[in-house]
Amino acid sequence: MSSRKYSYIVFMSSFVFLVMLFAGSCKSVLRDSSKDKIAGKNIDKQVEELLAKMTLSEKIGQMVQINDFDGVISDELKQRLRDGKIGSMLNEIVPEANLEIQRIAVEESRLGIPLIMARDVIHGYRTIFPIPLAQAATWDPNLAQACARIAAKEASSAGFQWTFAPMMDIARDPRWGRIAEGFGEDPYLGSCFAAAMVRGFQGDDLSSPDTIAACAKHYVGYGAAEGGRDYDTANIPESLLRNVYLPPFKAAVDAGVAAVMSAFNEINGIPATGNVHTLRDILKNEWGFDGFVVSDWKSTAEMMEHGFCEDMRDVAEKSIIAGIDMEMQSSAYGDYLEELVKEGAISEKLIDDAVRRILRIKSRLGLFEKPSIYSAKLPGKPNEEALALAKTTAMKSMVLLKNNDKLLPLSKDLKSIAIIGPLADDPYEVLGTWNRDGKPEDTITPLAAILDMIGGDTEINFITGLPYSRSKDTSEFAKAIELAKKSQIVLFFAGEESILSGEAHSRAYLNLPGAQDELIAELAKTDTPVVLVIFAGRPLTIGDIAEKIDAILYAWHPGTMTGSAVADLIFGIESPSGKLPITFPKTEGQIPIYYNHKNTGRPPEGKQLTMIDDIPLRAYQSSLGDAARYLDIGYKPLYPFGYGLSYTQFEYANLKLSSDKVKLGDNIKVSVDVTNTGDMEAEEVVQLYVRDLVASLTRPVKELKGFKRIRLKKNETKTVDFALSADSLGFHTNEGKYVVEAGKFHLWTGGSSEAELMTEFEIIE
Ligand code: BGC
């Protein structure tokens, strides 16, 4: 073992901020919440004055969030509103009812405290933007910020002041259906997008009528569910929790997120909703989060199912002690908090702290003065600005996985094109999970966009071949093959329907559902080249089919402007430029597989390893090579993190550092020349990775530390700079301490996590 000296930096609340500020295009500013003020209003004063007037029952009322909607506001609901027994409602969708609910709360309750009306606005409200995983594939947080800004405008106009987004659960398992809702596997990329979306929803001034409160969810470790089964157990050592799962939440807190949602899962035996360590110690005390925590839908009551709470009274007690300020949908708080305080089981100070937090956000939102609670109207059709942004984001999110012999882009002058596949003309299934308010009639399908783009001289031969993605009905196959044979090219639109990803929709088999593989394989046997476009909420295991196809564009679930974005890329109006925010496995058996793994004592790279078909009978156990890999599939993924092709080529050269030694507290300037050597103007995502070679806790083989999206003309070279701070190159120990250690690092730049251009530097004391 190395005997190098260690330098410790005590955990800094601004750590994530530093990482982002100094490393690439992901900028962050600590949010100044004093900007959220209405001419001269003192938020603390307003909150304290109100709190002083409240009865215990009214305080507890603020901590209750319900969904009660059946189209009519019942007498019971009216009475609860008048009695100040409800602080928030969620997912009530009739604007007139929202207004009436607010009116009763404001005009007929004793203190007139408005409700905060919440909704799941996850990737757009009326305008549906690409799913969050796709947005992460743009590697352009500014785009995600702009999408969230438009979503906030649309949602606020419909009477909502709070969204349950962004979801920022790091996920290394594509079986998990909710992988679609997050930003992928990397904590740095995830942090950049988490902060950007918070800024987009909340804007600079939370009190302006078109901004809404954001909610960082699901705190925490939800994406680490065993086997990728939604809601399942997560076992996460402290260092992993802090190095991988917590950073996006920290970034969201630094960006001023108004609320945090506790997760359904347990972490190391303690449910996230009753977890004093993560909620009270880390989030509230260590990070100084001053917004409020809401539980997930009945996640408080579910602590009984977990085997952590005995009954609802126990649920209320454990939840408030852990730091849940508002209870979503279940009734432990409404039914038991008063009794717990009166009997002295919990202090009223805990209640005051929770209510203060909720009122603080209501005050920052300007709800007490905001005229917007008196107006609510469902937004009409998406406007031009929203549609243009939806198209750009979709286009930049799509990842070109394969393009043999430059099959793409296609010429617009083809004589005939066969458009086949269950998702070629489906306006709903390309919208993705959590599409609650988008309308399929706004969607531009691939077929519609291509018909619009291609002149009348091209014959378009269209057939879905399969009625929907899970269908096994082969009755149209012969017709589809016939159309393929008489066309110059086949565009096949495959994938999984929206409902196959998202909450509670985990899959054990990740292939294209139904008989799609079969149909594609049949089409590949014809002489007509096939281009495959895949719409999905997760990485699918497409290895077998990829071998038979020359070009594959991975389009995720792109939203309202699906077709326009796909058409522009296929016909070369723009080059694909998305990069994978998550590793694509060859097969489910490789999962979990992620780029920032540990090296192990027996890494497979560079070793002679016998594969299963070559194992001699009765071979001696270790004659095959001892390494961390599979006999049958090896150790490499199908496509690595950060990967994505372009219609042009980029060359990286002249990787330089301002110094090969850096002191704690200092920066290294990294520069690299990137040249577009192909024949088309295009964008590239320049990525920067490091490896800490020896540390007191083993470090990943690569860690993303910066990225920049650049645009280069044909033959153009740009020098791309990164400022890498030594202080951002540390890690959290198993005791939860953030340390930066002196020692050697490798550094790479390139167009994927398999970048080869490498240099070295050292952190010195
Ligand atoms: C989900 C949350 C969501 C909430 C409210 C839960 O089932 O886990 O992500 O915000 O419902 O709809």
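With which side chain does the side chain of Ser207 make a polar contact? In this predicted model, in which local features need pLDDT of at least 70, side-chain atom pairs count only at pLDDT 80 or more and totals for chains, interfaces and linings use all residues, the partner is the side chain of Asp205, at 2.7 Å. A polar contact is a pair of N or O atoms within 3.5 Å; within protein, one atom must be able to donate a hydrogen and the other to accept it, and residues adjacent in sequence count only if both atoms are side-chain atoms. Residues are numbered from 1 along each chain as its sequence is written, and side-chain values use heavy atoms, with hydrogens and water left out. Ser207 is found in the loop between helix H8 (187-202) and strand E6 (215-219), where helices (H or I, at least four residues) and strands (E, at least two) are DSSP runs numbered from the N terminus. With a relative accessible area of 11%, Ser207 is buried, a class that means under 20% relative accessible area, whereas exposed means over 50% and partly exposed lies in between (1.4 Å probe, protein chains only).

An N or O atom in the side chain of Asp296 is 2.6 Å from an oxygen atom of the ligand, and for the side chain of Lys217 the corresponding separation from a ligand oxygen atom is 2.8 Å. The side chain of Glu503 likewise places an N or O atom 2.8 Å from an oxygen atom of the ligand. Of the 310 Å² of accessible area that the ligand has on its own, the protein covers 93%, as calculated by the Shrake-Rupley method with a 1.4 Å probe, where for residues only the protein chains shown count as cover.

Strand E13 (416-420) is largely enclosed by the rest of the structure, because five of its five residues are buried. In a regular strand the side chains alternate between the two faces of the sheet. Both faces of E13 are covered, with Ser416, Ala418 and Ile420 buried on one side and Ile417 and Ile419 buried on the other. E13 pairs with strand E14 (residues 459-463) in the parallel sense over five bridges, two strands being taken to pair if DSSP finds at least two bridges between them. Within this pairing, Ile463 of E14 is the bridge partner of Ile420.

Helix H19 (residues 516-524) has Gln516, Leu519, Ile520, Ala521 and Leu523 as its buried residues. The elements that cover these residues include E13, together with helix H18 (477-485), strand E15 (489-495), strand E16 (530-535) and helix H20 (543-548). Gly514 lies in the loop between E15 and H19 and is partly exposed, with a relative accessible area of 30%. When its neighbours within four places in sequence are left aside, Gly514 is in contact (heavy atoms within 4.5 Å) with Ser469, Arg470, Ser471 and Lys472. The C-alpha atoms of Gly514 and Glu496, which are 18 residues apart along the chain, are separated by 9.3 Å.

The loop between E6 and helix H9 (238-245) holds Val220, and the peptide bond leading from Tyr219 to Val220 is cis, with omega near 0 degrees. Tyr231, also in the loop between E6 and H9, has a phi near 75 degrees, a positive value in a residue other than glycine, and is partly exposed at a relative accessible area of 35%. Lys406, in the loop between strand E12 (399-403) and E13, has a positive phi of about 50 degrees although it is not a glycine, and its relative accessibility of 49% makes it partly exposed. A cis peptide bond, with omega near 0 degrees, also runs from Ile591 to Pro592, the latter being found in the loop between helix H21 (562-570) and strand E18 (650-657).

Pro382 is placed in the loop between helix H15 (348-364) and helix H16 (384-397) and is buried, with a relative accessible area of 11%. Beyond its neighbours within four places in sequence, Pro382 is in contact with Arg126, Thr127, Glu154, Leu387 and Asp442.
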